[in-house]
Amino acid sequence: RAWTMRRGAMAAPFTTRWKRAITIPTTGKWTCATSRSAISMRATSLSWSLNDNALLVALRNQYVQVFKYNSSKGAHYISQIIETTHTTVEKVTGALSRMATCGSDYAVNIYYYNLSTGNYTFNQVLSVGAFGCSAL
């Protein structure tokens with residue numbers, strides 16, 4: 001299981017018999033950021049993006065969930081669910097205004113953050129061949 005920490009918040013994927021979610025502590029108490037649109041899949045990779053204001057969560061299927069931080073409420077919320085071209089998203093990594101995913105197909109998808117829409121948009125695919133997801 002992967003743990004990641006930024007801005008005083010720590011996130012980790014966890015699985016129980018009843019639900020799968022991302023746990024994010026906020027303002028001294030733990031909150032569970034979850035949604036019925038979570039596709040009921042386990043997280044495979046976590047990464048922070050957008051100056052640590054967004055948590056990117058790669059799921060075992062072809063989706064990436066984006067949790068953004070709402071400073072007025074002091075909590076994270078699901079702002080976007082991205083369907084990638086991968087069968088399985090093995091790794092996600094974020095930077096200031098872009099993110100990349102790598103999957104079992106040995107391709108890296110690159111997404112740019114669109115300031116107008118407030119969402120990530122697909123940009124290009126890179127084939128990484130034998131390097132696999134270690135390229136990220």
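User: How do you know what confidence the predictor assigns to the protein chain?
Analyst: This is a predicted model, in which local features need pLDDT of at least 70 and side-chain atom pairs count only at pLDDT 80 or more, while totals for chains, interfaces and linings use all residues. Residues are numbered from 1 along each chain as its sequence is written, and side-chain values use heavy atoms, with hydrogens and water left out. The pLDDT is the predictor's confidence in each residue, from 0 to 100; the protein chain averages 75, and 70% of the residues score at least 70.

User: Which contacts does the model have for residues 13-21, and what is their pLDDT?
Analyst: Residues 13-21 stay under 50 in pLDDT, and the model has 25 contacts for them beyond four places in sequence, a contact being heavy atoms within 4.5 Å. Over residues 24-40 the pLDDT is likewise below 50, with 40 contacts beyond near neighbours in sequence. Where pLDDT is low, the predicted coordinates should not be read in detail.

User: What makes the 13 residues a nonpolar core?
Analyst: The term denotes a set of buried Ala, Val, Leu, Ile, Met, Phe, Trp, Tyr and Cys residues joined through side-chain atoms within 4.5 Å. Buried means under 20% relative accessible area, against over 50% for exposed and partly exposed in between (1.4 Å probe, protein chains only). In the largest such core, Leu 56, Val 64, Val 66, Ile 82, Val 92, Met 99 and Tyr 120 touch the most other members; being members, they therefore meet these criteria. Strands β6 (54-59), β7 (63-70), β9 (89-94) and β11 (107-114) each supply at least two residues of this core, and the largest share, 3 residues, comes from β6. Apart from it lies another core of 8 residues, among them Ala 43, Val 57, Leu 59 and Phe 67.

User: Why are β6 and β7 called paired?
Analyst: Strands are DSSP runs (E, at least two residues), numbered from the N terminus. Two strands pair if DSSP finds at least two bridges between them; β6 and β7 have 5, in the antiparallel sense, and therefore qualify.

User: What makes β5 and β8 edge strands?
Analyst: An open sheet of 4 strands has the order β5-β6-β7-β8, with antiparallel pairing. Within this sheet, β5 (43-49) and β8 (75-83) each pair on one side only.

User: How do you know that β9 and β10 pair?
Analyst: Strand β10 (residues 98-103) is joined to β9 by 5 bridges, and the two run antiparallel. Gly 94 stands opposite Met 99 in β10, and a hairpin joins β9 to β10 through 3 residues.
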